[in-house]
Amino acid sequence: MSSSWFASPADATARLAEVGYLADEAASTTTFLAGALEKPLLLEGPAGVGKTELAKAVARATGAELVRLQCYEGLDEARALYEWNYKKQLLRIQASQASGDGQGWDATHDDIFTDEFLLTRPLLTAIRREEPTVLLIDEVDKTDVEVEGLLLEVLSDFQVTIPELGTVTAVRRPFVVLTSNASRELSEAVKRRCLYLHLDYPDLERERAIIRSQVAGLDEALATQLVAMVARLRELELKKAPSIAESVDWARTLIALEIRDLDDAAVSRTLGVVLKHASDAERAVKELRLPR
Amino acid sequence: MRLPSLRRDAGTAGPGPSGDERPRGSGLLERHVLFVEALRGAGLPVSLAEDLDAIAVLRALDWDDRAVVREGYAAALVKRHGQRPTFDTLFDLYFPRVTGSGGQSLGDVGEEPGGSDDDPGSPEGSAGAEGAPVTDNAAALEAFREQLLDALLAGDEQRLQRMAAEMVARFGAMPGRGPGLSSWSAYTALQRVAPQELTDRIVAGLLAQGRTEEEATRAAGQRVGGLTAAVEADARRRIAEEKGPDHLARVAVRPTLERLDFLQMRRTDLEQMRREIHPLARRLATRLTQQHAARRRGPLDFRRTVRASMSTGGVPLTTHHRPKRPHRSELVVLCDVSGSVAHFAQFTLLLVFALRDQFQGVRAFTFIDHVHEVTPLLRPGADLVDVMADLSASTAQAALWGRTNYGRAFTRFAELHPDAIGPKTSLLVLGDARSNYSDLALDTVADIAGRVRHAHWLNPEHRRQWDTGDSAAGRYAEIVPMVECRNLAQLSEFVRDLL
C-alpha cells in the first residue's frame, strides 16, 4: 500500500513537529494510518486540545491545501455539497430567448446544467481537486443527523452523485479529518467508516513544549510552574477543565503582566484566564488553598 | 519494546502454550479473530468492516513497536473513548508485552527490556524465576524492596514494568497441586512486597530531589498506583498464558463505566462517574433540543390553510400549522438514601438536576424512614463535589431510627408535602423497595400515584433479585410502573424517554 502522505508514524511525528504540531504517539500513528489506508480520521476530545489544529498541521506538513467545512445546526446539502446557480441559469434562459437564435428547449436544458452553473461547496470542491487536499469537516456533532447520511457517500467512496451530471469520483482521495466535541454520539455508520482518535490533554512534557513553542519569551522555570499548575487544575473536578488553548492564553497573560514567578497570589489574580465558571474558580481556590 | 508474541505467531509456531493448540499456520490471524471475539464479548460493537480495517492497519504498520501497533489497532476498532480501558486490558491479554517470566535476575538492570523474550515460553524462561536458588526469602525480599524503592524514586517506567513482572514471578507464585494448577496472585505479591509502605520513603527521597512536599506526595502516590496496576496486569498476563486468554477475558475485564452496576461501584468509579454527569446531561439535552426542533410543527390548521390557498387559485401550496404548545412537567423525585442505594440515588438526582431546564420545576426529597426536602441543596451552577457532600451530610435528617421504612416515608410525605404533587406532576421514586418487612402503606402510594400525571419507580437491583428477601418490588410495581436501572446506560435511556 503506497502512501503519499507520510512514510511511517515516526515520519509523521517529525514532519508535524516541523510545522509546529507536537503529536504524541497515538496521534502520529493514527495520522499515518489515515493517510496510508486512505480512510477518514475522526478526532474526538474536549474543546481546545488541538483537533482542528492537527488537520491544519497535516495540510502544512504535506503541502496540501486545506478545504474546510464548518458544521452547524441546519447545515444542508446546498451548503455542504453543491448548488445550482439559479440566477445565472435564469439569465441564460432569458438571454437565449431574447436573442431569438431559435435554440430549442432541449439545447438550453442541456446548456444550463453544466459545470458553468454549478456552485461547488466544500465537499465537492475537495473531491474534484487534483492537487493534494486536506478536507476538514469541523464539529461534525453540531449537524443534524441527516447531514451524516450525506457524508456517508463522500466518506466511503469519495464520490458525489449529482442527478443532472452523474457521479463525480475523486481523482485523488483527499485526507479527510472530522472533528467532534462529542456533544452527541455520531451514528455507527459514520464511525465505522473512520479511524478513530481520542485527543486528550497532553502530559506535562508535551504541554510545556507546546506552550514554549507558542509563546515567545517564556522562560523554562515559569513554563514548568504553569504546566504543573494546569495539570493540578485538571485533576480537580471542574465543569470545564482548562484546555491547551487556555494554558497558552495563561502564559501570554503572565508575559503581559510581567509575572516572573507563578506563586499563589499570582495564580489567584489570573485564575480567570483558565477557569470560566464561578463555581470552578471557587473550587480551585478552596482545593489549592489560594489566597482570595 | 519488542513484540514477541506477534513475531512468534507470525513466524513458525513457537513452543508456547498457544502454539501447542494451533500447530499449523502463523497463528496471527487466529489470534486476531479471537481478540476481536473477546472485544465483542466485552461489549464493543466491532463490525466486520472494522475487523478488516484492523487487518489493513497491521499490514501498513511495522511491528517493531508494540505501542504503535496498539494505537493502530485501537484506531480501527475502538470508536468510543469510554471503551478504551477495556480494549487495553484485552490487548494486554492477547498480545502480551513479554511472555514467560520476563525479567529474571536481580542485578541485571541494564538488560534489554525484551532481552529474555527471544525464547518466550521456553522451559528455561518459565523455570528461571522459580528454579533460581535464592529467589524468595526474607533477605531477597528486603533486597528487592530496596531495588524497587530505587526504581520508584527514579520514576523509570520501563524499569518499573520489568520489576512488576519480576515481583509477580518471585513473590506472587501460587504453586498448585499438579501441573497446570499453579497460578499467580497479584494480591500475594503486593501484600508481601507492600509497595504502599515505601510511600513515605519515596516522598522523603523526592523531597531531597528538591520537590515541594505536595508534589512529592502526589508523585509518590501516582508511582505506587502505577506499580500496583502493572503488577495486577502482569498477574493477569501470566494466568492468561497458562489458561488461555479466552478464559480470562470473560472474568478479568471490568465492564465499561456505562455498564457498571451502581451497587458494585468502587470509590474510583464514583469519581469517574461524577465527571460523566455533566457531559451526559449535555448530550441528552442536545438530542432533546434537536428532537423538539424537528417536531416543532403542531397539527394542521385547516382554516388558515384553506384561506391561504385562495391566493394560489384554491390549490393549497403551503400548509399552515397550529403552534405546538410546549408542555413541561414538574418533576418530584423521592429518593431512598439508605446504605448502598445512596450512590444510585445521588447520581440520578444530579443527572435530573443537570437537566433542570427541561422541566418546569424540580423538587427532590430524600428518605430513609422520614422525609427531608433537599431541593435547596441543588442550586443551579453549584459545584458538584459540594452538592454530593451536602447530600451525604443531610442523610441524617431523612432518618428517625435509621431503618429503611418505605411505608412510613410515603405516609410522612403525603402528610408533610401535599402541595408537592398535583395533576401536572411527574413522580419519580428511586430505591430498591427493601422495606425491612414493615408496613408498605400501599393505599397511600396508590393515592399519591393516582393524583400525579405520571409515576415511575427506578430500581437499581437486577430484576431477578426483585421480591427476594424483604424486597417489596412486585407489590409496589403493581401500583407504580417499575423500571430496572442498574447502570448509566439504562439511566440515560430512562431519562430520555421521560422527557
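Colleague: Which residues does L77(B) touch, not counting residues up to four places away in sequence?

Modeller: First, this is a predicted model, where local features need pLDDT of at least 70, side-chain atom pairs count only at pLDDT 80 or more, and totals for chains, interfaces and linings use all residues. Residues are numbered from 1 along each chain as its sequence is written, chains are lettered from A and ligands numbered from 1 in the order written, and side-chain values use heavy atoms, leaving out hydrogens and water. With contact taken as heavy atoms within 4.5 Å, L77(B) touches F35(B), L39(B), V46(B), E50(B), D51(B), A54(B) and F87(B).

Colleague: And what about the two chains, how many residues of chain B are in contact with chain A?

Modeller: Chain A puts 35 residues into that contact. On the side of chain A, eleven are nonpolar (Ala, Val, Leu, Ile, Met, Phe, Trp, Tyr, Cys and Pro), seven polar and 17 charged (Asp, Glu, Lys and Arg), with the others, Gly among them, counted as polar. Facing them, chain B has 36 residues in contact.

Colleague: Which residue of chain A forms a salt bridge with R80(B)?

Modeller: A salt bridge here is a side-chain nitrogen of Lys or Arg within 4 Å of a carboxyl oxygen of Asp or Glu. Between chain A and chain B the count is two. In the one formed by R80(B), the closest N and O atoms are 2.9 Å apart, and the partner is E188(A).

Colleague: Which element gives the most to the side of chain A that touches chain B?

Modeller: Helices (H or I, at least four residues) and strands (E, at least two) are DSSP runs, numbered from the N terminus. Those giving two or more residues include α9 (188–193) and β9 (195–198) of chain A. With eight residues, the one that gives the most is α2(A).
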